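Let's take a walk through this one together.

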Amino acid sequence: MPTRTSGEMDKPLISCHLVDSDGSLAETPSEVPKVGILGSGDFARSLATRLVGSGFSVVVGSRNPKRTAGLFPSAAQVTFQEEAVGSPEVIFVAMFREHYSTLCGLSDQLAGKILVDVSNPTEQEHLRHHESNAEYLASLFPACAVVKAFNVISAWTLQSGPRDGNRQVPICSDQPEAKRTVLELAQAMGFTPVDMGSLASAREVEAMPLRLLPGWKVPALLALGLFVFFYTYNFIRDVLQPYLQEGKNKFYQLPVSVVNTTLPCVAYVLLSLVYLPGVVAAALQLRRGTKYRRFPDWLGHWLQHRKQIGLLSFFCAALHALYSFCLPLRRSHRYELVNLAVKQVLTNKSHLWIEEEVWRMEIYLSLGVLALGTLSLLAVTSLPSIANSLNWREFSFVQSTLGFVGLVLSTVHTLTYGWTRAFEESRYKFYLPPTFTLTLLVPCVVILAKGLFLLPCFSRRLSKIRRGWEKDGAVKFTLPVDRALAQKTSHV
């Protein structure tokens, strides 16, 4: 009979349950640990399914076990709450905050056990209550070790495994041993636990699922504002002006033509706004002569939102390409072609060919395809799975160098579209300049500023500043010398 060494006896029971990345069980322990669940809702059923699949023995406490037993895995034991809390040391509380008080009758049986709070408040409840659900649960059961965990994981992710969802599970508690136990349990289920500290962090953990794309709010409002502005501007020029001054009804252009004219304007301006904050930051560093002073808050937030702004720019550019393909499919376009053919017949013109317009359109379309292709590359490398496979130099080259090339291509694309129209008096409808002239303002500023910073007098100074040089001070660096020697500093 083999004997167990003392080192094997010291190993925690839960840590024996290791799972592969796909959620399958990698090692079967000799003794199956028992975990309890209080609650019979959707999350409780998904949690039981995941725990059973990870090799745990699950006992579920329900107020009506006969009715809910068929909803849980056959390997899970469904019984009354009083019986479910007897043997497990770790018990998941999978119920809403208002139902916590119904467990007060089990206080004696729950004493000394680990209660894992998986609940999430609504947005109104989060604002109304000054304490988190986990802290409220801890106040009701002071003899228990309360741990906040698994509230950011959806029921679907629990059932299907963490391979298609976020693996991270924030965990916080005032009891280090209880927190360590839940950390090991999360690892055994195939998730990546994240220690968030004491139970005071539970309020922040509970706020995570309430956030709806927090990094996209400002960029989305910016894109929407630009779209409304340019759409209104194009409506006045292309639809309202012909109707009021020439009596032509062009309101049919609102769904497609006006939208297609607006989308490239939004995409072009958004792309320029991705690189404008870098120009502003470089100018501030040159003016201050140091990189160690904080940027203004508005500039810091702007720099943080560049990825979202760039992806929205690509989204608008892709929509513009799709709308452009749809233009020849419109009934109005077919009528215009027929009318043009009739006019040629009436004027006895058999050949209508303008060499300049042909070349302009060919170059215009080619530049547009190249610009969209560059934006596509920027969007793809923004994905975490792709970005993680690139080193810093590769990522910087794509996002910075190729991104600026895409901005230049978009600028030439816009200039080719405009050609000489900016100098024709008939293009100024209601005394308003053509739309493309407005879109050129910010990108041209960015391109000119970038070109200015390439001059040796600015580029060398900016490079020195970013390497730690300061205009009116010295930066001290501690050298890794022997302890017996005096500390040395280097002045830059």
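How many salt bridges does the rule give here? Taking a salt bridge as a side-chain nitrogen of Lys or Arg within 4 Å of a carboxyl oxygen of Asp or Glu, the count comes to 12. Before going on, keep in mind that this is a predicted model, where local features need pLDDT of at least 70, side-chain atom pairs count only at pLDDT 80 or more, and totals for chains, interfaces and linings use all residues. Residues are numbered from 1 along each chain as its sequence is written, and side-chain values use heavy atoms, with hydrogens and water left out.

One of those bridges joins Arg97 to Glu131, at 3.5 Å from N to O. This pair ties together distant parts of the chain, 34 residues apart: Arg97 sits in the loop between strand 4 (90-93) and helix 5 (107-110), and Glu131 in the loop between helix 6 (123-128) and helix 7 (133-140). Helices (H or I, at least four residues) and strands (E, at least two) are DSSP runs, numbered from the N terminus. Arg97 counts as buried because its relative accessibility is 12%, while Glu131, at 31%, is partly exposed; buried means under 20% relative accessible area, exposed over 50%, and partly exposed in between (1.4 Å probe, protein chains only).

Compare that with Arg180 and Glu177, whose side chains meet at 3.1 Å, N to O. They are 3 residues apart in helix 9 (residues 176-188), so about one helical turn separates them. Glu177 is exposed at 52%, and Arg180 is partly exposed at 36%. Elsewhere, Asp117, Lys148 and Glu206 are linked in a salt-bridge network.

Most residues other than glycine have a negative phi. Phe150, however, has a positive phi near 65 degrees; this residue is found in the loop between strand 6 (145-148) and helix 8 (155-160) and is buried, with a relative accessible area of 0%. Trp419 also has a positive phi, about 55 degrees, but is partly exposed at 39%.
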